[in-house]
Amino acid sequence: MVTLSVTGMTCQNCVKHVTHALQGVPGAEQVSVDLASGTAQVGGSPDVQALIAAVEEEGYEATVR
């Protein structure tokens with residue numbers, strides 16, 4: 001399980017965009033994004049840099065927690 005800190009999310013629509021972006025990364029399973037804590041948890045065996053890049057392409061910042 002990879003946990004990312006995601007900054008820039010302000011609403012449920014942001015959560016939707018980040019979730020969709022993470023689900024598109026090969027190897028990503030069981031994506032859970034939480035607005036209140038500003039985190040995203042991704043199961044499976046995705047490439048961490050690909051996860052970060054996917055979030056950043058949506059206009060948000062992400063770092064490994």
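1. Contact here means heavy atoms within 4.5 Å of each other. With that in hand, here's a first look at the fold: among contacts in the chain with a separation of 6 or more, 54% are between residues 24 or more positions apart.

2. A quick word on what you're looking at. This is a predicted model, where local features need pLDDT of at least 70 and side-chain atom pairs count only at pLDDT 80 or more, while totals for chains, interfaces and linings use all residues. Residues are numbered from 1 along each chain as its sequence is written, and side-chain values use heavy atoms, with hydrogens and water left out.

3. Now the overall layout. The chain has 2 helices and 4 strands, where helices (H or I, at least four residues) and strands (E, at least two) are DSSP runs numbered from the N terminus. Walk along the sequence and you get the pattern β-α-β-β-α-β. The C-alpha trace spans about 30 × 20 × 20 Å along its principal axes. For 65 residues, a compact globule would have a radius of gyration near 11 Å, and the chain's 10 Å agrees with that; the radius is taken over C-alpha atoms, and the globule rule is 2.2 Å times the number of residues to the power 0.38.

4. On to the sheet. The 4 strands make an open sheet, in the order β2-β3-β1-β4, with antiparallel pairing; two strands pair if DSSP finds at least two bridges between them. β2 (28-34) and β4 (61-64) sit at the edges with a single partner strand each, so one side of each has no neighbour in the sheet. From one strand to the next, the twist averages 25°.

5. Which strands are joined by 4 bridges? Those are β1 (residues 2-7) and β3 (residues 39-44), running antiparallel.

6. Asp34 has Thr39 in β3 as its bridge partner. These two strands form a hairpin with 4 residues between them, and Gly38 in that hairpin takes a positive phi near 65°.

7. Helix α2 (residues 48-57) lies across β1, β2, β3 and β4, at about 160° to β4. For these angles, axes are lines fitted to C-alpha atoms, for helices over the stretch in contact, and the angles run from 0 to 180 degrees between N-to-C directions.

8. What about the inside? The largest nonpolar core has 21 residues, and Leu4 and Leu22 have the most contacts inside it. (A nonpolar core is a set of buried Ala, Val, Leu, Ile, Met, Phe, Trp, Tyr and Cys residues joined through side-chain atoms within 4.5 Å.) β1, α1, β2, β3 and α2 each put in at least two residues of this core, and α1 gives the largest share, 5 residues. Leaving aside neighbours within four places in sequence, Leu22 is in contact with Leu4, Ala28, Val31, Val33, Ala40, Val42, Leu51 and Val55.

9. How much of the chain is buried? Of its 65 residues, 40% count as buried, meaning under 20% relative accessible area, with exposed over 50% and partly exposed in between (1.4 Å probe, protein chains only). The chain exposes about 3,700 Å², of which carbon and sulfur atoms supply 47%; the areas come from the Shrake-Rupley method with a 1.4 Å probe, and for residues only the protein chains shown count as cover.

10. Is Thr19 buried or exposed? This residue of helix α1 counts as buried, because its relative accessibility is 17%. Not counting residues up to four places away in sequence, Thr19 touches Val31 and Val33.

11. Gln30, in strand β2, deserves a look. Its phi is near 50°, a positive value in a residue other than glycine, and at 61% relative accessibility Gln30 counts as exposed.

12. Lastly, two pairs to check in the viewer. Gly24, in the loop between α1 and β2, counts as exposed at 60% relative accessibility. Gly24 and Ala54 are 30 residues apart in sequence and 8.1 Å apart in space, C-alpha to C-alpha. Ala53, from helix α2, is partly exposed at 31% relative accessible area. Ala53 and Ala21 are 32 residues apart in sequence, with 9.3 Å between their C-alpha atoms.
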